[in-house]
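Reader: I am new to reading protein models and would like to go through one slowly. Could you take my questions in turn and show how each answer is reached?

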Amino acid sequence: MEKEGNSKVVSGIKTLFLLTLAACIMAFNLKSFVNTGGLFPGGLSGLTLLILRTGEEFFHVSLPYSLIYLPLNLIPAYVGIRYIGKQFTFCTFYVVFLSSFLTDMIPAIPITYDTLLISIFGGIINGAAVSLSLIAGASGGGTDFISIYFSEKKGIDVWNYILLVNVVILTTAGILFGFDAALYSIIFQYCSTQVIQGLYKRYQKDTLLIITSQPSAVYGRIRALTHHDATQIEGVGLYESSERHILYSVVGRGEVDRVIRSILEIDPKAFVNVIKTEQINGRFYKRPTK
């Protein structure tokens, strides 16, 4: 019991550290990259900047970032509590609150004034910060809540669809403030989305086709590691006209390397074909979001 308690404390400290680091990176990115380049990063942060800059440009009113961003996150937070998980939502709101507070407090430290460099590297940094939050069991807030809700319910990767929604916000920004910043912002959002897809793979899946002489042992290992099932298909190897056992299974992309290593430990001669899976329908085990 004592070891289990210590493990929970260590896990909690690690989560808090990752979430705090993510919030600090988000705030730094907004002040030193996004604001310097006059970009609109999409999502609720982009909408917040659009409102703030509209107020400054047309009404000469300057408002704190947190005054707009925090209220905009209330409805997505409700979706999170209702459909995703309380712990996930509370951790996310910690990131939202801390990043908003830091954005208002820390000074801007411009790294470069080249808008293209800002768009590319600012997007990469933003994607890395959001990925840190997701890995720690939270998100960056805003539309992340919505995308994760649909991912949980439909089991599909929706980050690219969120990118399309953000284009609407950027088009509005382009009409009001010029399309140069809006177009550069699309580059920013694209880079961010690709980094998230590369680093966070919870909702991405791969199909495994495994030809093995030990199907029962291989299936047992897949089941133990991933909690996913498999289907056994009997076939014939045409070159040698010999019987072949084929296992068909779908697993999370982040589990593939571990599963393959384990399969080869059991059957070093196993042949494994990994196929990218766009969408599945039917029962599929999902690790719960707390």
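Author: Let us begin with a term: a salt bridge is a side-chain nitrogen of Lys or Arg within 4 Å of a carboxyl oxygen of Asp or Glu. Please keep in mind throughout that this is a predicted model.

Reader: Which residue meets Asp 206 in a salt bridge?

Author: The N to O distance of the pair is 3.2 Å, and the cut-off for a salt bridge is 4 Å. Asp 206 lies in strand S1, whereas its partner is found in the loop between strand S3 and helix H11, 47 residues apart from it. The partner that meets the side chain of Asp 206 is Arg 253.

Reader: Is Arg 253 buried or exposed?

Author: A residue is called buried when its relative accessible area is under 20%, and Asp 206, at 7%, is therefore buried. Arg 253 has a relative accessibility of 18%, so this residue also counts as buried.

Reader: Which helix holds Glu 265, the salt-bridge partner of Arg 221?

Author: In this pair the closest N and O atoms are 3.6 Å apart. Arg 221 is partly exposed, with a relative accessible area of 30%, while Glu 265, at 61%, counts as exposed. Because Arg 221 lies in helix H10 and its partner in another helix, the pair ties together parts that are 44 residues apart in sequence, and the helix that holds Glu 265 is H11.

Reader: How many salt bridges does the structure hold?

Author: Besides the pairs already described, the side chains of Arg 244 and Glu 240 meet at 3.3 Å, N to O. Of these two residues, Arg 244 is partly exposed at 29% relative accessibility, and Glu 240 is exposed at 54%. The number of salt bridges that the structure holds is 3.

Reader: At what angle do the axes of helices H6 and H9 cross?

Author: Two packed helices are described by the angle between their axes and the distance between the axes. Here H6, residues 115–135, and H9, residues 179–199, have axes that come within 7 Å, and their contact has 15 nonpolar, 8 polar and no charged residues. The crossing is right-handed, and its angle is roughly 35°.

Reader: What is the area of the nonpolar surface patch that includes Leu 63?

Author: Leu 63 sits in the loop between helices H2 and H3, and its relative accessible area of 36% makes this residue partly exposed. Other members of the patch include Phe 58, Ile 175 and Leu 183, and helices H8 and H9 each supply at least two of its residues. The area of the patch is about 880 Å².

Note on methods
Residues are numbered from 1 along each chain as its sequence is written. This is a predicted model: local features need pLDDT of at least 70, side-chain atom pairs count only at pLDDT 80 or more; totals for chains, interfaces and linings use all residues. Side-chain values use heavy atoms; hydrogens and water are left out. Axes are lines fitted to C-alpha atoms, for helices over the stretch in contact, and angles run from 0 to 180 degrees between N-to-C directions. Helices (H or I, at least four residues) and strands (E, at least two) are DSSP runs, numbered from the N terminus. A crossing is left-handed if the near helix is turned anticlockwise from the far one by less than a right angle, and right-handed if clockwise. Ala, Val, Leu, Ile, Met, Phe, Trp, Tyr, Cys and Pro count as nonpolar, Asp, Glu, Lys and Arg as charged, and the others, Gly among them, as polar. Patches are made of residues with over 30% relative accessible area and no salt bridge: like charges are joined within 9 Å, nonpolar side chains (Val, Leu, Ile, Met, Phe, Trp, Tyr) within 5 Å. Accessible areas come from the Shrake-Rupley method with a 1.4 Å probe; for residues, only the protein chains shown count as cover. Buried means under 20% relative accessible area, exposed over 50%, partly exposed in between (1.4 Å probe, protein chains only).
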